[in-house]
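Please look through the model below before reading the numbered points.

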Amino acid sequence: MTETIHEKAQRFITEGRITIRYEGSTLIDADVQGDHDRYAVVVEIGDEVRCTCPATGDCSHMMAVLAVSLARRTGLPTAVSLG
Ligand SMILES: [Zn+2]
């Protein structure tokens, strides 16, 4: 069975592959060690999310970074939204 991007994001989190380099009120700058390469993810809060991987649209790296960041802000356990 093919791993969905949600499952992949959850796996990256479980394996500790997310490095938050900077987290401010309007910007998050993070690195994700993917399966093939290391990618930079930049989140402009309330605006857009960018990832340096070749995927178009949402990717597992963005999801993982957003989930980790949300958990840090709320104090809740890290979980990838299935929404
Ligand atoms: Zn990506």
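1. Two strands pair if DSSP finds at least two bridges between them. Helices (H or I, at least four residues) and strands (E, at least two) are DSSP runs, numbered from the N terminus. E1 and strand E2 (residues 27-33) meet this rule with five bridges, in the antiparallel sense. This is a predicted model, in which local features need pLDDT of at least 70 and side-chain atom pairs count only at pLDDT 80 or more, while totals for chains, interfaces and linings use all residues. Residues are numbered from 1 along each chain as its sequence is written, and side-chain values use heavy atoms, with hydrogens and water left out.

2. The sheet is open and has four strands in the order E1-E2-E3-E4, with antiparallel pairing. Strand E1 (18-23) and strand E4 (49-51) are its edges, since each pairs on one side only. From one strand to the next, the twist averages 15 degrees (axes are lines fitted to C-alpha atoms, for helices over the stretch in contact, and angles run from 0 to 180 degrees between N-to-C directions).

3. Helix H2 (residues 60-74) packs on this sheet and touches E1, E2, strand E3 (38-44) and E4; contact means heavy atoms within 4.5 Å. The direction of H2 makes about 60 degrees with that of E1.

4. One joins E1 to E2 through three residues; in E2, Thr19 has Asp31 as its bridge partner, and Ile20 has Ala30. The other is formed by E2 and E3, with four residues between them. Seven bridges join E2 to E3, and Ala30 stands opposite Val41 in E3.

5. A nonpolar core is a set of buried Ala, Val, Leu, Ile, Met, Phe, Trp, Tyr and Cys residues joined through side-chain atoms within 4.5 Å. The largest one has 21 residues, and Ile13, Ile18 and Val65 are among those with the most contacts inside it. H2 gives the most to this core, with six residues. Ile13 touches Ile18, Ala64 and Val80, among others.

6. Cys53 and His61 are buried, meaning under 20% relative accessible area (1.4 Å probe, protein chains only).

Note on methods:
Buried < 20%, exposed > 50% of the residue type's maximum accessible area, 1.4 Å probe, protein only. Lists of a residue's contacts leave out its neighbours within four places in sequence.
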